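Please keep the sequence and the model in view while reading.

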Amino acid sequence: MTTTDAIAPVRPEDARRIAADGWVWGFALVENYRTMYPQAIDADDHRYVGGFGTFRHYPQPFTPANTDVVTPNNDTPYSWAWLDLRTEPWVLSVPATDRYHVLPLHDLDTPYVGFIGSRTTGDSAGDYLVTGPGRTGPVPDGLAGVLRADTQLVGILGRTYLAGPQDVDALKAVQQQYLLRPLSEFTDAERPEPAVEPQWPVWREEARESVEFFTYLDFLLQFVPVREDVRRLRADLARLGIDGTGSFEPGALSPELREALAQGMDDGRARLREAEAAHPSSAGLFGTRAELGDDFLLRAVGVDKGLYGLPTAEAWYGGWLTDTAGNRPPNAAARDYTVHFTADQLPKARFFWSATLYRLPERLLVDNPIDRYSIGDRTPGLVYDADGGLTLYVQHTRPADPDQAANWLPAPAGPFTVITRIYGPASAVLDGTWQLPDLTAAPDRG
């Protein structure tokens, strides 16, 4: 069936509605492919990790020179990998370590398959089976656990604690023990015939803003079995020719229907903007499929705000977009800032916490004379108040007072934001009993 044949019975108003619903649901898939393509498919891209089934580790802390990733995280450098589960399961092995780590596996549409790490599986070594949808083969003895994916392609964005530049070699030693092996290799069995290599569509950034979006969605659907919660939407998309065959061609549409799909995408984006305005925190945006449910709009908010963000049980994110003078965003060109934690108000973390400053609008780290990009409970030399509280000094120039300089978080001479991360947040953080203190603005310097 051609694209034109498939969509002929669809009225433009129906096509617009389906396109809006399809864009909201498919946004996560296409954004995931936007990351997967350079990392796992395009060997000429500097972000290439080595293809499917290979870890690429990034043990070095981020600096202002790193501009590939926005709001980079210096607390827990990344270990990236992608798995193709069409042929057989894979085994992910981790070493014994008391260093904080988490290896979250996410489906192609971004819900998490599961988490291996300090919070969930502990500090012991273990081998974990990762299986694709519908697979019912035997599970080898001695495995520490089984993670069952709902899509045939799965991503891993591992994070491992780094104490600072002096800790890089020790971090590398842990990262290099994260292993990926096909099940046949793990069990020393004959490897099955590989799946047919797809004709991966080259990623084009401009496709995000055009009806070509649905060409990528159509291709990706072949790796996503139809689930009951999207059966009706998948049937509607198939009416438009977006059925997982990879044959959808926007150029075959009539001008009227192309316009209807474009309008539907605009409607979907408007829904996303409205939902983001109503949901300023990360609570409920990230989690397993069971935790996220069928609120695909809320899932899209999470993808847009921070693709691969961790659920709040693993890491809580919060920060300051406005100061006490009402400036949004805060701006250190004309004033200095303080953040005062009372002894009872210090972030409550099972593992650790930090506050990282980013310049706006780029959301990148800020060059400064002491090479300090974040501050937290692991920062050496912090000066606490006599009563156990802590005051941070967020400003462009180094404070003259030595005690204040010890607690200095350097800011640009311009707009900025600060993101606080709490790893292993206590229940008081999760239930909202604990709150961040204000970002207090000093009077303008005139």
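**Exposure, pairing and packing**

Asp188 is exposed, having a relative accessible area of 73% (exposed means over 50%, buried under 20% and partly exposed in between, with a 1.4 Å probe and protein chains only). This is a predicted model, in which local features need pLDDT of at least 70 and side-chain atom pairs count only at pLDDT 80 or more, while totals for chains, interfaces and linings use all residues. Residues are numbered from 1 along each chain as its sequence is written, and side-chain values use heavy atoms, with hydrogens and water left out.

Reader: Where does Asp188 lie, and what is its phi?

Author: Helices (H or I, at least four residues) and strands (E, at least two) are DSSP runs numbered from the N terminus. Asp188 is placed in the loop between helix H4 (183–186) and helix H5 (213–220). Most residues other than glycine have a negative phi. Asp188 is a residue other than glycine with a positive phi, near 60°.

Reader: Is Tyr308, whose phi is also positive, buried or exposed?

Author: Tyr308 has a phi near 70° and is found in the loop between H9 and S10. Its relative accessible area is 7%, so Tyr308 is classed as buried.

Reader: Which residue forms a salt bridge with Glu314?

Author: Side chains of opposite charge can pair when their charged atoms come close. A salt bridge is a side-chain nitrogen of Lys or Arg within 4 Å of a carboxyl oxygen of Asp or Glu. Glu314 is buried at 1% relative accessible area, and the closest N and O atoms of its salt bridge are 2.5 Å apart. The partner of Glu314 is Arg119.

Reader: How many residues apart in sequence are the parts that this pair ties together?

Author: Glu314 lies in the loop between helix H9 (296–306) and strand S10 (315–320). Arg119 lies in the loop between strand S5 (112–117) and strand S6 (126–131), so the pair ties together parts whose separation in sequence is 195 residues.

Reader: What does Met36 touch, not counting residues up to four places away in sequence?

Author: Contact means heavy atoms within 4.5 Å. With residues up to four places away in sequence not counted, Met36 touches Ile41, Phe52, Trp82, Leu108, Leu153 and Trp200.

Reader: Within what arc do the buried residues of H3 fall?

Author: In helix H3 (residues 168–175), the residues Val168, Leu171, Val174 and Gln175 are buried. Seen down the axis of H3, they line one face of the helix, because the arc within which they fall (that of the directions from the helix axis to the C-beta atoms) is 120°.

Reader: Which residue is joined to Arg328 by a cis peptide bond?

Author: Most peptide bonds are trans. The bond in question has an omega of about 5°, and the residue that it joins to Arg328 is Pro329.
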